[in-house]
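Take a look at the sequence and the fold below. This briefing walks through a few local features, grouped by topic.

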Amino acid sequence: MELTVRPRRLRGSEALRKIVRETRMDKSALIYPLFVMDGTNQVEEIPSMPGQYRYTVDRVDEELDRLTEAGVGSVLLFGIPEVKDEIGSSAWAEDGAVQRTLRKAKAKYPGLFLITDVCMCEYTSHGHCGVLCGQEVDNDATLELLAREALSHVRAGADMVAPSDMMDGRVRAIRETLDAAGFTGTPIMSYAVKYASAFYGPFREAADSAPSFGDRKSYQMDFHNRREGVKEALLDAEEGADILMVKPAMSYLDIVREVKDATNLPLATYSVSGEYAMVKAAASRGWIDEDRIVCEMAVSAFRAGADLYITYFAKELAKFMQEGRIG
Ligand code: PBG
């Protein structure tokens, strides 16, 4: 056989395969989503997300300890309030679960990077991501509320805010509000390319945030669209976003690559609740090898171009990286 090029030559041993790896990762790229709620002394497992919990603020340390130990350095906080109303006013409550967690974590875990999800859907009685005008979500009226929520997070100690509502112009509105209050150095990670996705199903149970009527298709994106993803990404970059995000991750890696090539900002992708639930469900039946699937999903996100990976499997991935199973 006169073969000069033999790709298999580079696959001959584990050591060699590691040397020629094209995708290298680091624990610092992992972000863990964490649900905090009002009340005391409760840790509730989320039924559709086995292994994931909602914590009252007095017990959130249990998870923060585990994350710190695992070497996961960033969390993305979601708040679940006791009281919801039409405009979601608990979102900027000084004693809200997110605000209290921020103050506590800032003092007790100074090395942890604290990101907050900025959206109205967890706080509104109707579950939509903004304020309503009839049956419609009023874009411009919502901007003011989002900016207020973001400012309240930053005042309580957030290192970065992450708007996930998909209103037009919200990055600019939040940037202006933060700047006016003197927080010119606080970055914004924008959920820039967020699709209207069935993959968020389990999250809505976790955050008790399913819309009470209709759906989110008038603000989240149609999943048939690719160029529109680039448009949203470029727009948010122009409005002052510091980091962009594509969400969900697994079914949207083409978009991750597209946005990566179109912009020069760090790029995050969010492996959402439905991705987690599918893996857990299949693994619990012995149909897939959970650890290997989790590794493969993570590597594919980085390979597609993600710099940051938001995942409920952050602790497990940190361990796999430590052990050299991936990296
Ligand atoms: C809030 C928000 C959602 C998610 C993150 N921020 C839900 C939604 O848009 O309905 C989804 C996260 C997940 O599914 O893990 N708007």
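Two residues are in contact when heavy atoms of theirs lie within 4.5 Å. A residue is buried when its relative accessible area is under 20%, and exposed when that value is over 50%. Keep in mind that this is a predicted model.

**Helix α11 and what follows**

- Helix α11 covers residues 314-322. Its buried residues are Ala314, Lys315, Leu317, Ala318, Phe320 and Met321.
- Which elements do the buried residues of α11 pack against? They pack against β1 (30-37), α2 (60-70), α10 (290-304) and β12 (308-311).
- An α-helix has 3.6 residues a turn, so residues three or four places apart point the same way.
- Arginine 325 sits in the segment after α11. Its relative accessibility is 38%, so arginine 325 counts as partly exposed.
- Setting aside neighbours within four places in sequence, arginine 325 touches Arg21, Asp291, Arg292 and Phe320.
- Arginine 325 and methionine 49 are 276 residues apart along the chain, and their C-alpha atoms are separated by 25 Å.

**Surface patches**

- Arginine 11 belongs to the segment before α1 (14-19).
- Leu10, Ile19 and Val20 make up a nonpolar surface patch. Together they have about 270 Å² of accessible area.
- Leucine 10 is also in the segment before α1. Its relative accessible area is 46%, so leucine 10 is partly exposed.

**Backbone exceptions**

- Most residues other than glycine have a negative phi, and most peptide bonds are trans.
- Methionine 166 is not a glycine, yet its phi is positive, at about 70°. It lies in the loop between β8 (160-163) and α5 (170-180).
- Is methionine 166 buried or exposed? It is buried, because its relative accessible area is 4%.
- Aspartate 208 also has a positive phi, near 50°. Its place is the loop between α6 (201-206) and α7 (227-239). At 48% relative accessibility, aspartate 208 is partly exposed.
- The peptide bond from lysine 247 to proline 248 is cis, with omega near -10°. Proline 248 is in the loop between β10 (243-247) and α8 (253-262).

**A loop proline**

- Proline 110 is in the loop between α3 (97-108) and β5 (113-118). Its relative accessibility is 63%, so proline 110 counts as exposed.
- Proline 110 and glutamate 316 are 206 residues apart in sequence. Their C-alpha atoms are 23 Å apart in space.

Conventions
Residues numbered from 1 in each chain as written. Predicted model: local features only at pLDDT ≥ 70, side-chain atom pairs only at ≥ 80, totals over all residues. Heavy atoms only, no water. Helix = DSSP H or I, 4+ residues; strand = E, 2+ residues; numbered from the N terminus. Buried < 20%, exposed > 50% of the residue type's maximum accessible area, 1.4 Å probe, protein only. Patch = residues over 30% accessible without salt bridge, like charges linked within 9 Å, V, L, I, M, F, W, Y side chains within 5 Å. Areas by Shrake-Rupley, 256 points an atom, 1.4 Å probe, with all protein chains shown as cover. Salt bridge = Lys/Arg side-chain N within 4 Å of Asp/Glu carboxyl O.
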